[in-house]
Amino acid sequence: MVRFILSKLLFLIPTFLGITIIAFGFVRILPGDPVLLMAGERGVSPERHAELSAQLGFDRPLVMQYFEFLGRLFHGDLGNSLVTKKPVLGEFLTLFPATVELGLFAIVLATLIGVPVGVFAAIKRGSWFDQVSMTAALVGFSMPIFWWGLLLIIFFSGILGWTPVSGRISLMYYFPDSTGFMLIDSLTSGQKGAFTSAVSHLILPSVVLATIPLAVIARQTRSAMLEVMGEDYVRTARAKGMPQRRVIGVHALRNAMIPVVTTIGLQIGVLMAGAILTETIFSWPGIGKWMIDSISRRDYPVVQSGLLLIAGMVMLVNLLVDLTYGLINPRIRAS
Amino acid sequence: MKYFSRSLIAVSAVALMSAAAAAEAKTFVYCSEASPEGFDPAPYTAGGTFDASAHPIYNRLTEFKKGTTEVEPGLAESWDVSEDGTEYTFHLREGVKWHSNEAFTPSRDFNADDVIFSFERQSDADNPWHQYIPGVTYEYYTSMAMPSLVKSIEKIDDYTVKFTLNQPEAPFLANIAMAFASIVSKEYADTLEAAGRQEDLNNMPIGTGPFTFLAYQKDAVIRYRKNPDYWGTAPKIDDLIFAITPDSAVRLQKLKAGECHLMPYPAPADIESIRADDSLTLDEQPGLNVGYLAYNTTVAPFDNPKVRKALNMAINKEAIVQAVFQGAAEPAKNPIPPTMWSYNDAIQDDPYDPEASKAMLEEEGVTDLSMKIWAMPVQRPYMPNARRTAELMQEDLSKVGVNAEIVSYEWGEYLSKSMEPGRDGAVLLGWTGDNGDPDNFLSVLLSCDSAGDGGANRAFWCNEEFSQLLQDAKVTSDQAERTAIYEQAQEVFKDQAPWFTIAHSTQYVPMSNKVSGFVMSPLGDFTFETVDLAE
């Protein structure tokens, strides 16, 4: 197992270096430069443009800029935002818990609903439940997030008045961030009603963010289950007279879970993409919206370091997924 | 589900009860659009940043009178201008208290040292505060040409400061009423420097304004409290909260749900539903802006004013105002909006007359003309949909035999490419005023100086007579005289037609019926010291 973990970790190094190049290069390939965007309609004289570019270090060759970026990175310096002038790492750490809280809630929601639905649809293959749930999954998978989010807001917050429109907690509660996770902070704040308010603010955005992963997980679980249930060992188990519940719970589900775990792991990337829109709709102060704003302003340091941090997180999650395989299936460890 | 909805109702009931308890302390919630870049107004240029920093927290020597672009006394009670218009002596208000916070309690009132510090940190590259955050620049100070304008700032005594200018400049008093010229505390800066926490000038602001800063949760909420020692009329609300809500449809939902009291920038498509809602009020006024199509006046045949005029007559302005602005705009005949002083209402707009246009083009020997129309890739208050505008223009021009091709670029590239000399095509763009002075439109967008490198004159139009008039107006301090000069300049503009002027869009501010006392600013600022909330 130790060798397995080490080999996975070693593989991370070239991946990480590759990501630094992509993160650095990506925002610079886009046309338009931050100095011009800052000046806007007013324009900027060539002298001032050169002066500002030099001050920001953009006048040097790209290769040099890249190695400086890398050099600072190894010293833990991710640079300062061109817009707010604040350290990128600090901003990331302020905003990241909000995204994690939302993402975790969404992925748990998607898994808790998606897996049972998929299993049940596979067992009752061809039934009305199978057909309805798989059609719903197809619709969910193709849902335009922005439209879906607004629709839910208008219906549940506007018409029914059940949930708040946006934000993380009612504005009447005010306590300093201690962990950045609103559910934890509101509990420890000791303010009456704060936790309930935080939960009610989390419902709609996590439903919106969970929609696509839920659909994918349900469909993946169904097809994995169907495949496994045709295997010889399942037939053998049945022939032994094992009860249906045990056949499915122990023999089929455990084997079917391998591709499902992969899918859940891969959904982390999908969640990040969904978070960008979900955070914008629900005024959720997370890193998705932060990245979009920075890209549109060509805030190079934020985009390159932010991408790197996000990619780092996704890599970490994928590593955990790989390690989980090892636990579920010893054959993977050996190979 | 039943339990679920009941518990949510219980939550809302609790919220209502607490809201009732909180009603004694009046809390006003503004659903703002963008996150502030920081709380020191000098390094930034975005209006949303100033609404969160300069307006609630700080004051300036001069201020814009509420709801107008007129300049009135602020931290300077009065001022004298020398005969030649190059020396401004400001007499400062006494007894103005600075805010305090956990790290700072002021030991003295506002005085001349604060004024000098506030300007010198921007002008003097050797000032230790010039680069108090790595990479900080003072773009507004630079772009308002302050470095070349201000020769020196002297302290005469604790409550008298003299600015000496290199040349007379009538808009100077309006310039220093702008957000970038907000006065910050020298004593606070010294305290921060001693503690090695300079960046807190930008994070934990101390000002003299109507509200004191409490806290900012990035991209979510900004909290302020009424300044009990405010030198002006005290605010009527106790707490001011900015709930940052980037999407306009969501802002409207929040307003309707009572989660905030006032919102900026509603979507044009929502205006009708806002009007129909009994719980909401909609304030409106013409914006201090202009949308235009700038010809390249250096390239044939667009160097011929008659050709430009003929093209202007080919385009149906009213149709654009209806289709693109959905009627929420006034057709523009001048380069400055009607809310600005010196607007020349006597000017007749070129009529929409395709027949006459065709005849004029033939007269000038222009046949089979092909041209490009540049459509901006972004939405702006002065131009809600540039692509659609360009399409309507294309259609109109085809009726007079002009073949127009629409082009577009990424925004940053659009801004730079459209300034390249010899540019092929006419450019759609616009402008929103900074300080309400006509010079801020005319000189910035149409003078010979701005037709060069890095200027904003995208027609590359350099008319000696026009530029001379602007120069004359700049060195005249009498507003009646300046008005006469600018009126004449607008005649020259109309006659020469470097632009097709499109529209001045209307600004809308939806708010709850409970709100009273909100004053719309022609400059597009959102300020809350005059607002009140009904119980």
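A nonpolar core is a set of buried Ala, Val, Leu, Ile, Met, Phe, Trp, Tyr and Cys residues joined through C-beta atoms within 7 Å. A residue counts as buried if 20 or more other C-beta atoms lie within 10 Å of its own, as exposed if 12 or fewer do, and as partly exposed in between, with C-beta atoms placed from the backbone.

**Entry 1: ground rules**

I am reading a predicted model, in which local features need pLDDT of at least 70, side-chain atom pairs count only at pLDDT 80 or more, and totals for chains, interfaces and linings use all residues. Residues are numbered from 1 along each chain as its sequence is written, while chains are lettered from A and ligands numbered from 1 in the order in which they are written.

**Entry 2: cores**

I looked up the largest nonpolar core and found 153 residues in it. Tyr30(B), Ala243(B), Leu293(B), Ala294(B) and Leu428(B) have the most contacts inside this core. I then listed what Ala243(B) touches, leaving out residues up to four places away in sequence: Gly167(A), Leu171(A), Val29(B), Cys31(B), Val221(B) and Cys260(B). Contact here means that the C-beta atoms, placed from the backbone, lie within 7 Å.

**Entry 3: chain A**

I counted 14 helices and zero strands in chain A. Helices (H or I, at least four residues) and strands (E, at least two) are DSSP runs, numbered from the N terminus. The C-alpha trace of chain A spans about 85 × 55 × 40 Å along its principal axes. Chain A has 335 residues, and 38% of them count as buried. I also checked contacts in chain A between residues at least 6 apart in sequence; 73% of these join residues at least 24 apart.

**Entry 4: where the chains meet**

How many residues of chain B are in contact with chain A? I found 54, and they meet 53 residues of chain A. Several elements of chain B each supply at least two residues to this side, among them β9 (221–226), β10 (239–243) and α16 (411–417). The most comes from α1(B), with nine residues. By class, this side of chain B has 26 nonpolar, 16 polar and twelve charged residues. For these classes, Ala, Val, Leu, Ile, Met, Phe, Trp, Tyr, Cys and Pro count as nonpolar, Asp, Glu, Lys and Arg as charged, and the others, Gly among them, as polar.

**Entry 5: a mixed sheet in chain B**

Two strands pair if DSSP finds at least two bridges between them. I traced an open sheet of four strands in chain B, with the order β1-β10-β9-β8 and mixed pairing. β1 (27–30) and β8 (211–217) of chain B stand at the edges with a single partner strand each, so one side of each has no neighbour in the sheet. The twist from one strand to the next averages 20°. Angles run from 0 to 180 degrees between N-to-C directions, and axes are lines fitted to C-alpha atoms, for helices over the stretch in contact. I followed β1(B) and β10(B), which pair in the parallel sense over four bridges. Thr27(B) stands opposite Asp239(B) in β10(B).

**Entry 6: an antiparallel sheet in chain B**

Another open sheet of four strands in chain B has the order β4-β5-β7-β6, with antiparallel pairing. Its edge strands are β4 (76–81) and β6 (150–157) of chain B, each pairing on one side only. Six bridges join β6(B) to β7(B), residues 160–165. Ser152(B) has Thr164(B) in β7(B) as its bridge partner. Helix α4 (residues 112–123) of chain B packs on the sheet and touches β5, β6 and β7 of chain B, and its direction makes about 160° with that of β6(B).

**Entry 7: backbone exceptions**

Most residues other than glycine have a negative phi, and most peptide bonds are trans. I looked for exceptions. A cis peptide bond joins Ala300(B) and Pro301(B), with omega about 0°. Pro301(B) lies in the loop between β12 (289–294) and α12 (305–314) of chain B.

Arg298(A) is not a glycine, yet its phi is positive, about 50°. Is Arg298(A) buried or exposed? Arg298(A) is buried, with 24 other C-beta atoms within 10 Å. Its place is the loop between α12 (287–296) and α13 (300–328) of chain A.

Gln326(B), also not a glycine, has a positive phi of about 50°. Gln326(B) is partly exposed, with 15 other C-beta atoms within 10 Å.

Conventions
Two residues are in contact if their C-beta atoms, placed from the backbone, lie within 7 Å.
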